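Colleague: I'd like to learn how to read the features of a model like this one. Walk me through it, please.

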Amino acid sequence: MIERDIKQCLGPMMKGVEVVGARHGGVARAYTSHWVSQVSFAEPIVMASVSPRHDTYPLMVAAGEFSVSVLAGDQVAEGQYFSYPGRKFQYVAPEYLTEWPESPDGPPVVPNSIAWLRCRIRHEVELEDHRLVFADVNEVVAGRLKEPPLLYSSRLG
């Protein structure tokens, strides 16, 4: 558990909000994250933090890939929708998740995002309550690149 004073000091940090998606065996799931980061300038590598208890995680591992939908500032509803555990969904709202272009077996993405990244897993690091999944960005689709991103701060919302 993070001590209160440490938590208060970490709280103002601003982060972009993304939806990470995966598909395997005909099942698609996604989760909202503000813990996705570019981790290399020399190579297109990202790191996504995911709870192994979230039902998206085993799909990511089984497929060996995942998508990242970079949300725009006007996509608060989409961000909130995928912030709930996937196992609680009776179905995934079709207006909030679509197929990767020309790849029905590819990872799902959020329509009208700033950009979509298709990422191939290369390495994983186990932490106490999360996994850090490092992946190569193999394909991108530019969306609304001029839109401001959706930002999150645990202290400011």
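Modeller: Let's start with arginine 122, which is partly exposed at a relative accessible area of 45%. Buried means under 20% relative accessible area, exposed over 50%, and partly exposed in between, with a 1.4 Å probe and protein chains only as cover. Before we go on: this is a predicted model, so local features need pLDDT of at least 70 and side-chain atom pairs count only at pLDDT 80 or more, while totals for chains, interfaces and linings use all residues. Residues are numbered from 1 along each chain as its sequence is written, and side-chain values use heavy atoms, leaving out hydrogens and water.

Colleague: Which residue forms a salt bridge with arginine 122?

Modeller: The idea is a side-chain nitrogen of Lys or Arg within 4 Å of a carboxyl oxygen of Asp or Glu. For arginine 122 the partner is aspartate 136, with the closest N and O atoms 3.0 Å apart. Arginine 122 sits in strand E7 and aspartate 136 in strand E8, so the bridge ties together parts that are 14 residues apart in sequence. Helices (H or I, at least four residues) and strands (E, at least two) are DSSP runs, numbered from the N terminus.

Colleague: How many salt bridges turn up in the whole structure?

Modeller: The search finds nine. One of them pairs arginine 29 with aspartate 55, at 3.1 Å between the closest N and O atoms. That pair links distant parts of the chain, 26 residues apart: arginine 29 is in strand E3, and aspartate 55 is in the loop between E5 and H2. Arginine 29 has a relative accessible area of 21%, which makes it partly exposed.

Colleague: And arginine 118: is it buried or exposed?

Modeller: Buried, with a relative accessible area of 16%. Glutamate 65 is buried as well, at 9%. Their side chains meet in a salt bridge of 2.9 Å, N to O.

Colleague: Next, the cores. Which residues of the largest nonpolar core touch the most other members?

Modeller: A nonpolar core is a set of buried Ala, Val, Leu, Ile, Met, Phe, Trp, Tyr and Cys residues joined through side-chain atoms within 4.5 Å. The largest one has 17 residues, and Val20, Val46, Met60, Phe66, Val68 and Cys119 touch the most other members. Two or more residues each come from strand E2 (18-24), strand E5 (45-50), helix H2 (56-63), strand E6 (65-70), E7 and strand E8 (131-142). Apart from this core lies another, of 11 residues, with Tyr81, Phe82, Ala93 and Leu150 among them.

Colleague: What does methionine 60 touch?

Modeller: Contact means heavy atoms within 4.5 Å. Leaving out residues up to four places away in sequence, methionine 60 touches Val20, Ala22, Tyr31, Val50, Glu65, Phe66, Ile121 and Val133.

Colleague: How do I read the burial of a helix, then?

Modeller: In an α-helix there are 3.6 residues a turn, so residues three or four places apart point the same way. In H2 the buried residues are Thr56, Tyr57, Leu59 and Met60. They cover an arc of only 165° around the axis, so they are on the same side of H2; the arc is taken from the directions from the helix axis to the C-beta atoms. Their cover includes E2, strand E3 (27-33), E5, E6, E7 and E8. After H2 comes glycine 64, with a positive phi near 75°.

Colleague: Which residue other than glycine has a positive phi near 65°?

Modeller: Most residues other than glycine have a negative phi. Asparagine 112 is the one with a positive phi near 65°. Glutamate 102 also has a positive phi, about 55°, without being a glycine. Glutamate 102 is in the loop between helix H3 (76-81) and strand E7 (115-126), and asparagine 112 is in the loop between H3 and E7 too. Glutamate 102 is exposed at 86% relative accessible area, and asparagine 112 counts as exposed at 55%.

Colleague: Is alanine 93 buried or exposed?

Modeller: Alanine 93 is buried, at 3% relative accessibility, and lies in the loop between H3 and E7. Its C-alpha atom is 9.0 Å from that of tyrosine 81, 12 residues apart along the chain.
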